[in-house]
Amino acid sequence: MDDGTAPARGTGDMPAEEFRRYGHILVERIARYLEDVERSPVLSRAQPGDIRASLPRAAPRTGEDMATILADFDDKILPGITHWNHPGFMAYFAITGSGPGILGELLTAGLNVNGMLWRSSPAVTELEEVTLDWLRQLLGLPEPLFGEITDTASSSTLYALAAAREFAAIDIHQRGVGAQRLRVYCSAEAHSSVDKAVITLGLGSDGLRHVPVDERFRMRADLLESAIADDKAAGIRPLAVVATVGTTGTTSIDPVAKISAICEREGMWLHVDASYAGVAAIVPEKRYVLAGVERAHSLVVNPHKWLFVPIDCSVLYTREPAALKAAFALPLEILYTPEAGVTNLMDYGMSLGRRFRSLKLWFVLRYFGADGIVARLREHMRLAQIVARWAEESDAFELCAPVELSTVVFRYNPPGLAPPEADAANAKLLKLVNESGEVFLSGTRVRGSQVLRLAIGNLRTTERHVLRAMELLEQTAKGL
Ligand SMILES: Cc1ncc(COP(=O)(O)O)c(C=O)c1O
């Protein structure tokens with residue numbers, strides 16, 4: 001068949017006419033998908049292995065036409081999708097692939113440039129510099145602040161701790177990790193990406209100390225101080241603290257100002273993981289979440305979490321770019337670049353190649369504007385307060401952590417239920433509510449108890465969806 005839809009013959013790419021035709025079809029399909037996503041079950045009902053079993057075991061020998069490929073996408077791939085775009089998606093940290101963000105991604109794919117060096121696409125480097133400076137201003141952080149986009153907060157934190165080691169003048173480049181015992185500190189509520197980074201950097205899991213938290217799940221600065229003193233007395237060198245602004249479990253905010261004073265006194269690097277909650281500082285009445293961060297050495301904020309930028313887009317800021325460069329830059333003849341006074345972003349991280357991620361961030365910041373972003377973040381926090389009040393006022397549910405942002409931690413705990421029964425009831429409630437296909441919540445443990453987490457971060461989630469989630473929880477709990 002050669003009606004313009006047949007796979008490209010010969011040696012070239014897909015013909016432009018065919019690309020145009022399917023491009024239009026796909027944009028239309030994505031628009032319809034986003035309009036109708038609520039009709040699909042939010043949590044995929046696929047069983048392990050289902051998707052793999054539906055697919056051929058080897059790639060086709062001859063090319064296939066796009067119509068067949070798209071039909072297989074519908075029949076075989078979509079059933080295995082958990083719809084993060086669904087308004088009932090309230091698990092983990094809910095995110096948004098916003099319209100302007102998706103369009104930015106499309107252009108990024110179309111251009112397919114690699115911004116490893118300034119000259120390998122000057123706009124990649126310079127738009128990254130400009131958008132990250134815009135974001136810095138929105139976050140209320142002072143200049144100078146070097147920023148770069150990475151894939152995830154996990155990479156950003158790994159890079160920050162690698163920079164911390166250079167900052168401490170430990171000669172990693174030539175001599176490797178060596179015999180010196182180093183310690184990193186974070187709270188007991190910090191994300192596991194800190195553990196991974198410390199292990200990856202060769203410090204071992206013993207190289208990380210989890211400092212206990214207070215009644216609001218914030219790192220105890222007094223216990224941090226005593227842990228540092230104990231380590232020094234034992235001959236261990238305190239290297240860095242990772243403070244969290246918006247912990248994964250309860251979105252608690254560590255006392256960054258107090259922690260930064262300790263770090264300054266001890267000559268330690270302070271990295272702040274604000275990957276979820278940092279963007280809240282764009283909202284004037286929430287600016288306090290980043291209080292003290294101006295004294296940190298590095299900070300991670302993820303626009304792909306709560307700033308409507310499609311995954312992936314994490315921003316690493318540092319006041320010490322020379323330390324970051326010392327961790328990663330190597331002189332490579334093939335990548336010699338004659339331009340002076342430019343930034344070559346490959347020098348600031350592990351990967352050489354880099355996607356044009358700032359384009360989608362630029363689209364999102366321009367399309368919504370600062371006021372539009374503030375309005376949307378405020379709305380998410382208002383919805384979270386509705387859920388928080390409901391849990392507080394309910395006889396059967398209780399609120400398990402303060403709600404300052406857009407995530408609510410609560411549990412089913414009617415009078416007379418013993419702790420082990422309450423745990424089992426919450427686990428069952430979570431399972432049943434998620435099986436409804438209308439909402440997807442996640443669970444975690446808080447102070448040893450099984451709890452439920454409802455996170456709002458999706459632009460398609462409205463009050464109607466939040467009310468329905470509460471109704472479902474109540475109805476399902478009654479039937480337990
Ligand atoms: C506080 C915190 N830090 C880091 C991460 C890791 O984020 P990423 O998936 O971007 O690596 C998460 C993930 O949810 C998180 O909640």
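Predicted model: local features only at pLDDT ≥ 70, side-chain atom pairs only at ≥ 80, totals over all residues.
Elsewhere, helix H13 bends by about 85° at Gly369, and 15 residues surround the ligand.

**How H6 and H12 pack**
- Two packed helices are described by the angle between their axes and the distance between those axes.
- On the H6 side, the contact is made by Tyr159, Ala162, Ala163, Glu166 and Phe167.
- H12 brings Ala323, Leu324, Ala326 and Ala327 to that contact.
- Sort the contact residues by class and you get eight nonpolar, no polar and one charged.

**The bent helix, H13**
- H13 runs over residues 358-393, which makes 36 residues.
- Its end C-alpha atoms are only 44 Å apart, while a straight helix would reach 52 Å at 1.5 Å a residue.
- If you want to look at the bend in H13, go to Gly369, where the angle is about 85°.

**Around the ligand**
- Of the 15 residues surrounding the ligand, the closest are Thr152, Ala153, Ser154, His191 and Thr248.
- The shell around the ligand splits into three nonpolar, eleven polar and one charged residues.

- As background, most peptide bonds are trans, and most residues other than glycine have a negative phi.
- Glu143 and Pro144 are joined by a cis peptide bond, with omega at about -10°.
- You'll find Pro144 in the loop between helix H5 (122-139) and strand S1 (146-150).
- A cis peptide bond also runs from Ile311 to Asp312, and its omega is near 10°.
- Asp312 belongs to the loop between helix H11 (303-306) and strand S7 (314-318).
- Tyr92 isn't a glycine, yet its phi is positive, at about 45°.
- The loop holding Tyr92 lies between helix H3 (66-77) and helix H4 (99-111).

Terms used:
Residues numbered from 1 in each chain as written. Contact = placed C-beta atoms within 7 Å. Helix = DSSP H or I, 4+ residues; strand = E, 2+ residues; numbered from the N terminus. Nonpolar A, V, L, I, M, F, W, Y, C, P; charged D, E, K, R; others polar. Expected span 1.5 Å × (residues − 1). Bend = angle between axes of the 7 residues up to and from the residue. Near = placed C-beta within 6 Å.
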